[in-house]
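This report describes selected features of one protein chain. The sequence and the structure are shown first, and the notes follow.

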Amino acid sequence: PLLPPPHTRRPLRFVLLGRTRKHGTRAPQQPMPGGEREGGGKDVDPSTGAYGDTGLPHPPPDKTELRWPWWVTGDCCGLVCAFVTNLLHLFAYFVQMKYIIGPWVGVISKTAFLYTVFMLMAVISHNMCRFTNPGTVPVSLKYPGPLDTQTQREYVCRRSGVIKPPTAHWCSEAGRVVVRMDHYCPWVNNVVGMFTQKYFLLFLFYTFLCCVFSGITLASRAFFCSRSSRRHAVSFGLSPSLCHPSPTDVVLSVINFVEAILFVLFTGCMGADQFEAISKNTPYIDRLQGKRGQARPIGENLRDVFGEPFSIRWFLPLPPSRESRQEFNRMLTDTYIHLKKASKDYQQDLDAAPEVEGTTVSEDIRDSAASVERGLHTALRRRNGNTVAAEKRNGS
């Protein structure tokens with residue numbers, strides 16, 4: 001059942017900062033009981049050790065969730081794809097340095113340095129995206145009490161029982177509820193969520209640059225060698241060995257060129273899809289469900305993704321910013337406070353319900369909610385093909 005008995009609910013052990021705010025807008029920085037909101041570091045109530053008026057002790061959710069290591073090991077396809085991705089980058093770097101850049105301008109050159117930077121940034125961004133917590137809701141952060149069916153369906157995960165902020169969804173591969181979940185990507189073996197979307201975008205960007213760089217160098221080599229004699233090839237800055245490659249050189253260069261073409265198309269399409277989702281302020285899963293985010297300038301949406309105002313840090317795979325971590329805490333706090341108030345109002349409505357013909361309206365409400373939940377579970381079992389009668393009818 002979605003409502004466990006009160007004695008089985010575990011206490012919450014997370015710091016939750018913030019005030020209730022409307023989804024899609026930033027909360028005003030108002031002081032909380034016990035001290036200042038941000039900057040002063042006095043959110044803790046000195047008498048109780050709790051944060052604000054939520055009554056929840058620390059540490060905050062970002063401290064508990066952004067711990068290393070984070071690794072999704074339940075998806076074999078993702079494990080293989082992530083390993084192959086790193087392998088392809090190393091293969092392209094070897095071919096470029098051994099057969100293209102090295103013989104052409106030398107491994108100690110500006111060209112070699114530029115490609116090395118692109119490759120390292122792509123690999124680092126990929127592994128940061130792979131091994132960083134995407135923004136999961138703490139498993140102990142359960143809903144605070146009984147709720148009406150509509151609120152529970154919207155703000156509580158039916159699989160795990162934890163609270164579910166807006167734009168948060170359950171990921172079966174990770175087995176957790178992820179805040180601002182966009183999708184699960186097997187190429188990074190992780191969920192693209194609040195804390196990993198920046199790394200995913202950087203991985204796409206630098207991989208795209210690596211592919212363009214490789215394609216240009218390979219195409220330039222083929223063009224100059226096909227249209228020039230050996231003497232003219234040297235005048236173009238090409239080593240004679242470039243225009244008289246060995247069989248191994250030819251095979252590896254062709255593979256590298258095909259790899260560059262395929263992945264420049266892949267990263268370009270994925271980048272365009274991500275740009276559309278960010279510009280519309282609507283993650284991919286929400287778009288599939290027909291939801292639409294609040295219309296905002298794309299600059300604000302990009303700031304939310306990168307976690308800070310525009311700077312050189314946008315292009316570096318650095319750890320999640322302080323601003324994004326605080327926003328993560330606020331989103332959880334807003335949802336928890338909303339559910340706490342909804343639960344209190346719902347309980348008051350049940351307690352104040354008048355008696356009608358020997359029974360109370362509260363009992364009718366409970367019976368109706370239980371009936372709705374039973375119908376929901378029955379529908380889920382039928383959808384998953386677990387109803388024996390349905391199987392028999394299909395078999396006959």
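Is Thr333 buried or exposed? The model is a predicted one, and in it Thr333 has a relative accessibility of 0% and therefore counts as buried.

Thr333 is part of helix α10.

## Salt bridges between separate elements

How many salt bridges does a search of the whole structure find? The search finds 13. One of them joins the side chains of Arg176 and Glu65, with an N to O distance of 2.7 Å. This pair links distant parts of the chain, since Arg176 belongs to strand β4 (residues 176-178) and Glu65 to helix α1 (residues 61-65), 111 residues apart. Arg176 and Glu65 are both buried.

A further salt bridge is formed by Arg287 and Asp273, whose closest N and O atoms are 3.4 Å apart. Arg287 sits in helix α8 (residues 284-288) and Asp273 in helix α7, so this bridge ties together parts that are 14 residues apart in sequence. Arg287 has a relative accessible area of 18% and is therefore buried. Asp273 has a relative accessible area of 24%, which means that Asp273 is partly exposed.

Lys280 is located in the loop between α7 and α8. With a relative accessibility of 44%, Lys280 counts as partly exposed. The C-alpha atom of Lys280 is 6.6 Å from that of Ala295, a residue 15 positions away in sequence.

Asn281 is placed in the loop between α7 and α8. Its phi is near 55°, a positive value in a residue other than glycine. Asn281 counts as partly exposed, at 23% relative accessibility.

## Other loop positions

Arg180 has a phi near 55°, which is positive although the residue is not glycine. Arg180 is found in the loop between β4 and β5 (183-185). Where does Arg180 stand in terms of burial, and what is its relative accessible area? Arg180 is buried, with a value of 18%.

Leu147 is in the loop between α3 (110-131) and α4 (149-155). With a relative accessible area of 3%, Leu147 is buried. In sequence, Leu147 and Ser343 are 196 residues apart, whereas in space their C-alpha atoms are 5.1 Å apart.

## Crossing of α2 and α7

Two packed helices are described by the angle between their axes and by the distance between those axes. For helix α2 (residues 76-105) and helix α7 (residues 247-279), the axes come within 10 Å and cross at roughly 130°.

The crossing in which α2 passes α7 is left-handed.

## A nonpolar surface patch

Five residues, Phe205, Phe310, Ile312, Phe315 and Leu316, form a nonpolar patch on the surface. Together they have about 490 Å² of accessible area.

Phe205 lies in helix α5, which covers residues 197-227. The relative accessible area of Phe205 is 38%, so this residue is partly exposed.

Note on methods
Residues are numbered from 1 along each chain as its sequence is written. This is a predicted model: local features need pLDDT of at least 70, side-chain atom pairs count only at pLDDT 80 or more; totals for chains, interfaces and linings use all residues. Side-chain values use heavy atoms; hydrogens and water are left out. Patches are made of residues with over 30% relative accessible area and no salt bridge: like charges are joined within 9 Å, nonpolar side chains (Val, Leu, Ile, Met, Phe, Trp, Tyr) within 5 Å. Accessible areas come from the Shrake-Rupley method with a 1.4 Å probe; for residues, only the protein chains shown count as cover. A salt bridge is a side-chain nitrogen of Lys or Arg within 4 Å of a carboxyl oxygen of Asp or Glu. Helices (H or I, at least four residues) and strands (E, at least two) are DSSP runs, numbered from the N terminus. Buried means under 20% relative accessible area, exposed over 50%, partly exposed in between (1.4 Å probe, protein chains only). Axes are lines fitted to C-alpha atoms, for helices over the stretch in contact, and angles run from 0 to 180 degrees between N-to-C directions. A crossing is left-handed if the near helix is turned anticlockwise from the far one by less than a right angle, and right-handed if clockwise.
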